[in-house]
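Visitor: I would like to go through the charged side-chain contacts of a model. Could you take me through them?
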Amino acid sequence: MDLTPIARPYFVGISRRTDRWATDTMSIQLDTLRSLLRRGARCEAGRRCSLSEIASEKNPYGDFSNRVRPVAYEEIRHDVMRMIRGEKDVLWPGVCRDYAQSSGTSGGRSKYIPITGDSLHRCHYKGAAYSVAHYLRNNPESRLFSGKGMILGGSFANSLGIHDSRVRIGDLSATLINKISPAANFFRIPDKKTALLPDWSVKLPALVEAASKNYVTNLSGVPSWFLTVIREILRKNGADNLSEVWPGLEVFFHGGISFEPYREEYTKITDPEKMHFVETYNASEGFFAVQNDPADRAMQLVIDNDIFYEFLPVDSREAQPLPIWDIEKGKVYELIITSSNGLWRYHTGDTVRVENTAPVKIVIAGRTKSFINAFGEELMEENAERAIAEICRKTGASIANYTAAPVFAADGRRGRHQWLVEWTVPPADTDAFADGLDAELRRLNSDYDAKRTGTIFLDPLEIVTVPAGTFDRWLSASGTHKLGGQRKVPRLSNDRHIADAILPLLP
C-alpha cells in the first residue's frame, strides 16, 4: 500500500511554511529569541543574566548580547555534569535525561550535549520533517511511503560509565530512534532493539538481515557507515546495485560528514534515473539546515526551530558575533547558537559559508579547529573535501577515510602536507593522484596556491596509503569512536598529534 498520496498534502504544507523565511528572517529569529528568553528565564542560567527583564522587548538582541557572553563547551562542562547527575533548572528548565556524546572533529575529551524535550521535538524532529517535506514538494511522483525507511543509528555506549537507568548518554541518533513516536516504527527498519545495539559484530548482520526482508524506499544516516552496511547487503543478496535489492529505493537523506568523497560510489550502486540525495545538517547541538533544492548544494538554514543563530566572522580576531540579519553573502562564519537544549551563545566550532541571505543558505566550510595553517596556507576542510571529490571523479578512485597534517621543514626540506589515505578503490597511479589533488587545492584556495607557487614556501603534498581498517583501529585505540557513532576522523589538523598516532599502527 502506498500512503504517499495521503501524507503528501501534510508535508507539502510544512514545506510552504518555509517560503516566508526569505522575507521575514529577522522577525522569525526575534520571535525565536524572545521565546527562548521567556522559557530560559526560569532556569539558573537565565536568572543569572536576568533574562526575564528583556524577554518582552521588541528587539532584545542588544541587551541579550550584552548580558550573555559567548562560551565554549569547556566553560559549561561543569553545569552539564550537574544536569547529568540529576540537578534541575540548570541550563534549561526541568530535568534533562538524554545527552548526545560527541567529540566533534578535533578529538580530545568528549562533549555531552543536553537533548531536552523541547530541543528534541521543536528542533531535531522538526528538522527531519522539513527534510521529508522539501523532498516530497520537489518530487511529486515520489512513492516514499510505499515502503520503509532504513535508518542507521548508533548506540547509548558512552565514555562516562553512567549506570543510572534514567539517564541515556550516547550518539544523537540513538536518542532520536529511542524517543521517536511509536507510529513511526511502522515505516522504518530496523526495529529499535537492533538499531540501538552497541556491538557492531552483532548489529551488522542483524541490519543486513532486516534490510533483506523489507521493501525499502529511503535511507537515512552517515554516508561512510552506511556504505559498510550496503556492501554487506549487496554481498548477501548477490547484487551489484541496490535497486536489485530494493526496486523502490529513491532517496538517501545523509549528513554527519561531507557526501562529496562518497558521491561517485553511491552513484555506482544506485539507479541514477530515480535515486536522489538530500543533504542534512543535523548536529548534536541541533538540526541546522537541509538541502531544499536538488540543483543547489547549499542548504537552507532552518530558522524556526528553537535556535537563535549568531555568526562570528572567521577572518578577524577582533570581530564580534552578528545576528542573522547582518550577515553577508560569500563570507565564512562560525555558528554560535542559543537553543532550548540549554546552550546560550554557544560556540559550535562549525564554520559555514553563506551562499544566500534571503533565504539564508549555507555550505559547511569545516571546523574552527579542522584546518591547516602551518605555513600561512589557510587550508579549510571544505577545500579538502571538494578537491578530494573532484580528483576521485577524474581518476575513478574512491576514499574510505583520510586525514592530513603538516610536515614541518627539516633536514633541508621545505614543509609540506602529508595525507594519510585509506582507499576503497585505489587510483592506478598514487603519485598522479597526489599531483592532481595538489593542483585542485591550488585552484580552490588562493592562499595555498601562493605558498605553493614556485615551491618556495611549501613542497608538493605527499600521500601515504594506509591499510583498510587503520582509521577504525586508531579511533578505537584513542577511545573517541565507536562504529556508527557521532565521532569521526578529523580531516585536517594544524599539528601532527593525529598523524603521528596513526603512523605507528602501519605494518
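Visitor: Is Arg 77 buried or exposed?
Guide: The model is a predicted one, and in it Arg 77 is buried, with a relative accessible area of 9%.

Visitor: Which residue forms a salt bridge with Arg 77?
Guide: The partner is Glu 74, and the closest N and O atoms of the pair are 2.7 Å apart. Both residues belong to helix H5 (residues 73-84), where they are three residues apart, about one turn of the helix. Glu 74 counts as partly exposed, at 49% relative accessibility.

Visitor: How many salt bridges does the structure hold?
Guide: It holds 37 salt bridges.

Visitor: What does Glu 285 pair with?
Guide: Glu 285 forms a salt bridge with Lys 111, with 3.7 Å between the closest N and O atoms. This pair links distant parts of the chain, 174 residues apart: Glu 285 is in the loop between strand E8 (276-283) and strand E9 (286-290), and Lys 111 is in strand E2 (residues 111-114).

Visitor: And are those two buried or exposed?
Guide: Glu 285 is buried, at 6% relative accessible area. Lys 111 also counts as buried, at 11%.

Visitor: Turning to Lys 126, where does it lie, and what does its pairing with Asp 304 tie together?
Guide: Lys 126 and Asp 304 form a salt bridge whose closest N and O atoms are 3.7 Å apart. Lys 126 lies in helix H6 (residues 117-138) and Asp 304 in the loop between strand E10 (299-301) and strand E11 (307-313), so the pair ties together parts 178 residues apart in sequence. Lys 126 is partly exposed, at 25%, and Asp 304 is partly exposed, at 22%.

How values were computed:
Residues are numbered from 1 along each chain as its sequence is written. This is a predicted model: local features need pLDDT of at least 70, side-chain atom pairs count only at pLDDT 80 or more; totals for chains, interfaces and linings use all residues. Side-chain values use heavy atoms; hydrogens and water are left out. A salt bridge is a side-chain nitrogen of Lys or Arg within 4 Å of a carboxyl oxygen of Asp or Glu. Helices (H or I, at least four residues) and strands (E, at least two) are DSSP runs, numbered from the N terminus. Buried means under 20% relative accessible area, exposed over 50%, partly exposed in between (1.4 Å probe, protein chains only).
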